[in-house]
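Here is a short briefing on a protein model. Look at the sequence and the fold, then read the points below.

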Amino acid sequence: MEDNAKNLRVNKANYYLDIAQTVLERSTCIRRKFGAIIVKNDIIVSTGYNGAPRGRVNCSDIGNCMRDKLGIPRGERYELCRSVHAEANAIIAASRSDMLDSVLYLACVDGKTGELLPGTCCCQMCKRLVINAGISKVVVRENKNEFTVYNVRDWIFNDDSLSGTFGY
């Protein structure tokens with residue numbers, strides 16, 4: 001019986017991704033809901049979800065998304081987005097010393113269907129924030145049990161911001 005219980009136990013990455021997925025339920029974005037948590041030494045340091053800055057009206061309250069209205073593809077023209085991204089909100093809420101060599105877990109669902117969106121990652125702006133925060137890895141949920149691990153050092157040495165390719 002004990003072996004079966006052990007086999008049913010969720011692994012650490014999916015445990016934290018489940019929490020990030022719960023955090024995204026606070027998102028006020030109509031397009032895509034993101035949840036992020038930063039973990040260091042098995043302790044949750046901070047959480048963040050995407051939404052308008054404190055005190056500003058949320059897209060979910062307005063009932064539309066400017067980027068959707070303009071047909072802007074994902075990963076582009078974030079200056080038109082009302083939201084502070086989940087990764088940025090998690091970084092804002094943590095001290096630098098707590099973020100050094102930490103792991104950021106990220107989950108994303110479609111704002112309309114609520115279904116997990118595989119193939120997402122940090123945008124170029126958030127990659128820069130993650131690098132400067134000293135976070136070492138980003139783990140992104142692909143589906144309920146699978147995830148992709150990004151080594152942040154790769155983002156430094158393989159600088160995709162120089163490629164001219166947009167989106168993620």
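The points below cover the model, its strands and its cores.

This is a predicted model, in which local features need pLDDT of at least 70, side-chain atom pairs count only at pLDDT 80 or more, and totals for chains, interfaces and linings use all residues. Residues are numbered from 1 along each chain as its sequence is written, and side-chain values use heavy atoms, leaving out hydrogens and water.

**Strands**

- Helices (H or I, at least four residues) and strands (E, at least two) are DSSP runs, numbered from the N terminus.
- Strands pair if DSSP finds at least two bridges between them.
- β1 and β3 run antiparallel, joined by eight bridges.
- Glycine 35 has alanine 107 in β3 as its bridge partner.
- β3 and β4 run parallel, with four bridges between them.
- Valine 103 has lysine 137 in β4 as its bridge partner.
- From β3 the chain passes through α7 to β4, a right-handed β-α-β crossover (clockwise from the first strand over the helix to the second, with the strands pointing away from the viewer).

**Cores**

- A nonpolar core is a set of buried Ala, Val, Leu, Ile, Met, Phe, Trp, Tyr and Cys residues joined through side-chain atoms within 4.5 Å.
- The largest one has 24 residues, and Leu104, Cys122, Val130, Ile135 and Val138 have the most contacts (heavy atoms within 4.5 Å) inside it.
- Elements giving two or more residues to this core include β1, β3, α7 and β4.
- Apart from this core lies another, of 13 residues, including Leu17 and Val139.

Terms used:
Buried < 20%, exposed > 50% of the residue type's maximum accessible area, 1.4 Å probe, protein only.
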